[in-house]
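Okay, thanks for making time, everyone.

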Amino acid sequence: MNLELKQNIWKSDESGLGFYCVNIFECSQDSPSLIELLQTKILKEKEFGPIETMKKELKEPTDYYGSILLNKINPSDFKTLNLNELQSEINEYWKDEDWGEDLPVFKRNFELAISNLDGIDLSKWTFYYVNSEKLDSEKLDDPNFFTYLVCVILTKKESNKIITMTFGLD
């Protein structure tokens, strides 16, 4: 199974308090499973930021995605959600008392990332959600430079389009 990156949207807040990255892929098959997507290394460090910059900076493939060690993560680390459940999960995460000035940036970045998918009926998609704060420490790079890192992989039945959304602050 092959993945081809069709669109890369990366935005960092001018205050430096967060970023988001949306990648839209086409897959050589319809409806790939999360296991298959992780085996194809859909989460690649070279697609973690603005693609033009990352291709120049990264000469060798890496074994991490942000702070997540790719050889340690598995499908059971992800929550399978629909759109409403994803919004509830994110809203619950935002209730954490330790956010400080990062929270408005994350909220804005989440809204911007979703707005970049305007025209796509997200209610028909499956969302695979992982939050680095919920992972065991052995699944994270040491030291972990990220204040927060959330990744969502979106798939749709009978479609070869795959989307990843990543939100973080390093």
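Predicted model: local features only at pLDDT ≥ 70, side-chain atom pairs only at ≥ 80, totals over all residues.

So, glycine 18: it is buried, with a relative accessible area of 4%. Buried here means under 20% relative accessible area, exposed means over 50%, and partly exposed is in between, using a 1.4 Å probe and protein chains only. Glycine 18 sits in the loop between strand S1 (3-12) and strand S2 (19-27). Helices (H or I, at least four residues) and strands (E, at least two) are DSSP runs, numbered from the N terminus.

Residues are numbered from 1 along each chain as its sequence is written, and side-chain values use heavy atoms, with hydrogens and water left out.

Back to the glycine. What does glycine 18 touch, not counting residues up to four places away in sequence? The list is Lys11, Ser12, Asp13, Val105, Asn109, Tyr148, Gly168 and Leu169, with contact meaning heavy atoms within 4.5 Å. Leucine 169 is 151 residues from glycine 18 in sequence, yet the two C-alphas are 4.4 Å apart in space.

Now compare a residue in strand S8 (residues 161-169), namely lysine 161. At 31% relative accessibility, lysine 161 counts as partly exposed. Setting aside neighbours within four places in sequence, lysine 161 contacts Ile24, Phe25, Trp125 and Leu154. Lysine 161 and aspartate 30 are 131 residues apart in sequence and 7.8 Å apart, C-alpha to C-alpha.

Zooming out: the protein chain has four helices and eight strands, in the order β-β-α-α-β-β-β-α-α-β-β-β. Of its 170 residues, 46% count as buried. And among contacts with a separation of 6 or more, 68% come from residues 24 or more positions apart.

Next, a helix pair. The axes of H3 (residues 83-94) and H4 (residues 102-115) come within 11 Å and cross at roughly 165°. Those axes are lines fitted to C-alpha atoms, for helices over the stretch in contact, with angles from 0 to 180 degrees between N-to-C directions. H3 and H4 are therefore roughly antiparallel to each other; the cut-offs are under 35 degrees for roughly parallel, over 145 for roughly antiparallel, 65 to 115 for roughly perpendicular, and oblique for the rest. On the H3 side, Leu86, Ile90, Tyr93 and Trp94 meet Leu103, Phe106, Lys107 and Phe110 in H4.

Last topic, the aromatics. Searching the whole structure turns up 10 aromatic pairs. Rings of Phe, Tyr and Trp (its six-membered ring) pair if their centres lie within 6.5 Å; planes under 30 degrees apart are stacked, over 60 edge-to-face, and the rest tilted. Tyrosine 93 and tryptophan 99 have ring centres 5.1 Å apart and planes at 75°, so that pair is edge-to-face. Tyrosine 93 is buried at 8% relative accessibility, and tryptophan 99 is buried at 8% too.

Then there's tryptophan 94 with phenylalanine 106: centres 5.6 Å apart, planes at 85°, so edge-to-face. Tryptophan 94 is in H3 and phenylalanine 106 in H4, so the pair ties together parts 12 residues apart in sequence. Both tryptophan 94 and phenylalanine 106 are buried.

And which residues make up the aromatic cluster? Tyr93, Trp94, Trp99, Phe106, Phe110, Tyr148 and Phe167 form one.
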